[in-house]
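Have the coordinates open while you read.

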Amino acid sequence: MVDSQYYLPNDIGVSALDCGEAFRLLSPQEKMYAHYLSRAAWYGGLAVLLQTSPESANIFVLLQRIFRKQTPSQLAQVATAAGLSSEDYQAFLVYAAGLYANMGNYKSFGDTKFIPNLPKDKLEALVRASQAFQEQSAEMEALWDSCSCLLYSLEDRQKQLGLGDKGITTYFSGNCCLEDAELAQKFLDSKLLMMLHGDAEKKINVSYCFADCAVDGECESCCGSFSFEDKEFTVKRGDYAPLMEKVCHYLQQAQAYAANENQRKMLEEYRRSFTLGSVEAHKEGSRYWIKDKGPIVESYIGFIESYRDPFGSRGEFEGFVAVVNKAMSERFAKLVSSAEVLLPELPWPREFEKDTFLKPDFTSLDVLTFAGSGIPAGINIPNYDDIRQSEGFKNVSLGNVLAVAYATQKEKLTFLEEDDKDLFIKWKGPSFEVQVGLHELLGHGSGKLFVQDDKGKFNFDQSKVINPETGEPVSSWYRGSETWDSKFSTIASTYEECRAECVGLYLCLNKQVLSIFGHEGQDAEDVVYVNWLSMVRAGLLGLEFYTPESKSWRQAHMQARFVILRVLLEAGEGLVGLEEVTGKDGMPDARITLDRSKIHTVGKNAIHRFLCKLQVFKSTADVDGGRALYDGYSTVSDSGAYNFLRLRETVLLRKEVRKMFVQANTRVSGDSVELVEYEGTVAGLISSFTERFQDDAEQLEADLLELSKRDAPCWSGIRLKHM
């Protein structure tokens with residue numbers, strides 16, 4: 001029997017992401033702007049198929065061709081005739097919806113592979129009976145043959161994403177290992193290059209974005225062949241060219257409806273970036289984006305988050321378009337106004353904080369479009385350290401995502417005492433809203449990196465700044481082109497998420513913060529209690545995302561929450577309780593408890609000490625110290641006070657699968673834009689994707705197959721060898 005973590009259950013939760021009212025309130029110009037930005041985001045998001053696994057693009061095309069010819073309801077009759085039960089057909093629909101929602105056949109949250117929960121012969125029978133196969137049997141046969149084996153394969157290495165023998169990745173070719181990744185990064189640092197996305201193959205070949213040749217000489221010096229440490233490197237551009245061309249086309253159309261000059265220049269720089277493969281152009285676009293304060297239609301697009309790169313440097317494509325929720329944004333604006341009072345409350349010395357807090361935009365948004373592998377609850381961007389440190393950033397909280405993503409039924413609420421469940425359900429949403437606000441604004445937005453630039457200039461006084469952990473002057477820092485991601489590499493993402501989560505826990509104890517969000521008296525205390533309780537429960541749930549065989553974590557946020565659970569358990573004094581019990585069903589279960597009377601004392605002191613260490617190691621580029629601290633708390637074993645490996649089995653036994661979201665489409669009709677909404681079902685999700693790309697479906701599918709075919713030698717070992 002296949003382990004349940006490798007398929008999606010037939011009763012998986014599916015919710016429509018409601019943005020109807022927000023969209024209707026837009027002006028005709030704003031609707032046009034949102035429409036064309038959405039089109040750019042959706043086409044760019046298809047690059048994630050190629051960034052996820054060798055087979056994802058082919059599976060996507062297979063599904064698109066089937067559903068373009070027959071809707072889910074029409075295909076149901078074909079399925080019955082082909083010998084599928086209703087459960088088999090539902091499993092097929094769930095798989096298809098899952099592939100669309102994750103933009104690949106690996107879960108965006110946890111990076112675990114999922115396969116269809118029906119026998120392979122039944123799926124093949126359905127494919128062969130479909131109208132698409134009947135009309136184009138040779139092409140469909142070839143398509144099925146190209147992906148059917150990997151579609152179902154659960155060989156150890158293919159069960160999760162990872163580098164080398166730890167998993168599958170398309171950021172590096174099949175025979176690359178961690179040492180190769182480190183060498184590639186050293187080469188990039190030596191050339192002052194930054195990875196926009198790129199993939200690496202031996203002989204290590206780092207591919208940039210779109211143009212096959214330099215335009216007006218730009219980026220010309222980046223490309224070519226280079227010798228470095230007795231290895232040959234070739235740097236070229238051209239990845240995802242057909243997709244980036246579509247992105248640029250729609251960005252150009254959006255420019256005509258931009259609200260101001262900052263938006264127009266922002267889009268122009270994005271186009272330049274995706275045309276030339278220029279990171280500098282994307283950074284310049286991000287600068288204009290930061291300057292575009294309080295837009296009604298907010299967006300961001302590009303190769304952004306590095307969670308899925310096994311080395312933690314290259315960005316996965318995402319693009320979002322959203323509409324401001326004015327009422328909720330007022331609360332976040334008050335939090336921004338209070339930031340300069342709240343930042344000194346954090347537990348590190350003043351010298352470890354940015355010289356000036358650059359007040360960002362912080363808005364609550366209703367998502368219209370979020371293209372990529374998944375939808376977060378909040379975002380703090382851009383991710384360029386130099387811009388964030390000296391020029392600023394923006395925070396967004398995605399309100400309509402929060403509204404449906406974290407709604408929980410009491411009977412499905414695991415690992416809590418019965419007395420806690422009603423309180424948890426009542427305050428989970430409001431407490432998470434507070435946590436997201438603090439996490440994004442004062443978590444990711446705080447802290448200074450000590451840097452010595454290429455000219456030898458320091459951004460701190462190295463003769464006076466004292467390391468509070470050693471009592472000695474600071475003795476390490478970032479040099480030249482080194483960044484947080486390039487230095488801390490494989491732990492950078494999860495370490496930073498942990499730091500931001502700790503800031504949220506620490507500052508939610510502040511009554512001023514709670515008052516900003518409208519919580520006073522006992523309600524405020526309940527919000528604090530549920531926020532902390534939610535965090536320790538999430539730490540336990542995080543064990544689902546740990547792989548014992550490779551001793552590796554597959555999800556940055558969940559690893560961070562497990563680390564925090566370990567810190568609070570270590571604090572002792574009865575603050576957090578964790579015990580293994582037997583459930584009412586006679587199966588293994590667990591109970592986690594939190595003593596609310598000790599949160600402001602024992603809990604606060606524990607987070608104070610840990611958070612200070614996290615920041616000091618980050619500020620001083622102390623990779624060895626930071627890694628030792630973080631890896632220590634990340635360890636999952638069966639020894640000590642808690643048998644976390646056995647608890648992991650219990651978590652897997654009782655896990656609840658994350659919901660999938662159905663997003664609307666937009667369509668130009670004459671001089672206006674229509675919002676096309678779909679029901680919150682797997683069939684609705686499938687239909688939304690089929691209709692999303694119907695204008696140029698055949699050409700788009702041909703492009704995806706060609707891009708997949710071009711990369712195929714990287715996974716088969718052809719032309720890959722050490723130089």
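Arg-287 is buried, at 18% relative accessible area, where buried means under 20%, exposed over 50% and partly exposed in between (1.4 Å probe, protein chains only). Its salt-bridge partner is Glu-391, with N and O 2.9 Å apart; the term asks for a side-chain nitrogen of Lys or Arg within 4 Å of a carboxyl oxygen of Asp or Glu. The two come from distant parts of the chain, 104 residues apart: Arg-287 sits in helix H13 (residues 279-291), Glu-391 in the loop between H15 and strand S9 (394-398). Helices here are DSSP runs of H or I with at least four residues, strands are E runs of at least two, and both are numbered from the N terminus. Glu-391 is partly exposed, with a relative accessible area of 36%.

Before going further, some housekeeping: this is a predicted model, so local features need pLDDT of at least 70 and side-chain atom pairs count only at pLDDT 80 or more, while totals for chains, interfaces and linings use all residues. Residues are numbered from 1 along each chain as its sequence is written, and side-chain values use heavy atoms, leaving out hydrogens and water.

**More charged pairs**

Side chains of opposite charge can pair when their charged atoms come close. By the rule above, the count comes to 40 salt bridges. Here are three of them, including the pair we began with.

| Salt bridge | Closest N and O atoms |
|---|---|
| Arg-68 and Glu-701 | 2.8 Å |
| Glu-269 and Arg-272 | 2.7 Å |

Take the pair of Arg-68 and Glu-701, whose N and O atoms come to 2.8 Å. That pair also links distant parts of the chain, with Arg-68 in helix H4 (residues 56-69) and Glu-701 in helix H26 (residues 697-716), 633 residues apart. Glu-701 is buried at 2% relative accessibility, whereas Arg-68 is partly exposed at 30%.

Glu-269 and Arg-272 tell a local story. They are 3 residues apart in helix H12 (residues 261-276), so about one helical turn separates them. Glu-269 counts as buried, with 14% relative accessibility, and Arg-272 is partly exposed at 29%.

**Glu-674 and its surroundings**

Which residues does Glu-674 touch, leaving aside those up to four places away in sequence? They are Phe-23, Asn-665, Thr-666, Arg-667 and Ser-669, with contact meaning heavy atoms within 4.5 Å. With Ser-669 there is also a side-chain to side-chain polar contact at 3.4 Å. That term means a pair of N or O atoms within 3.5 Å; within protein, one must be able to donate a hydrogen and the other to accept it, and residues adjacent in sequence count only if both atoms are side-chain atoms. Glu-674 itself is in strand S18 (residues 672-676) and is partly exposed, at 32% relative accessibility. His-35 is 639 residues away from Glu-674 in sequence, yet their C-alpha atoms are 9.1 Å apart.

**Backbone spots to check**

A cis peptide bond joins Ile-381 and Pro-382, with omega at about 5°. Pro-382 is in the loop between strand S8 (378-381) and helix H15 (385-390).

Two residues other than glycine have positive phi. Ser-489 has phi near 35° and lies in helix H18 (residues 484-507); Ser-489 is buried, with a relative accessible area of 9%. For Ala-621, phi is near 55°. Ala-621 lies in the loop between helix H22 (599-619) and helix H23 (623-634), and is buried at 8%.

The domain assignment gives domain 1 (178-241) and domain 2 (415-654), with bounds that come from an automatic or database assignment. Their C-alpha centres lie 35 Å apart. How many residues of each are in contact? The answer is 4 residues of domain 1 with 4 residues of domain 2.

The size of an interface is often given as the accessible area lost when the parts come together. Between domain 1 and domain 2 about 340 Å² is buried, with carbon and sulfur atoms giving 64%; this is the accessible area (1.4 Å probe) that two parts lose on being put together, summed over both.
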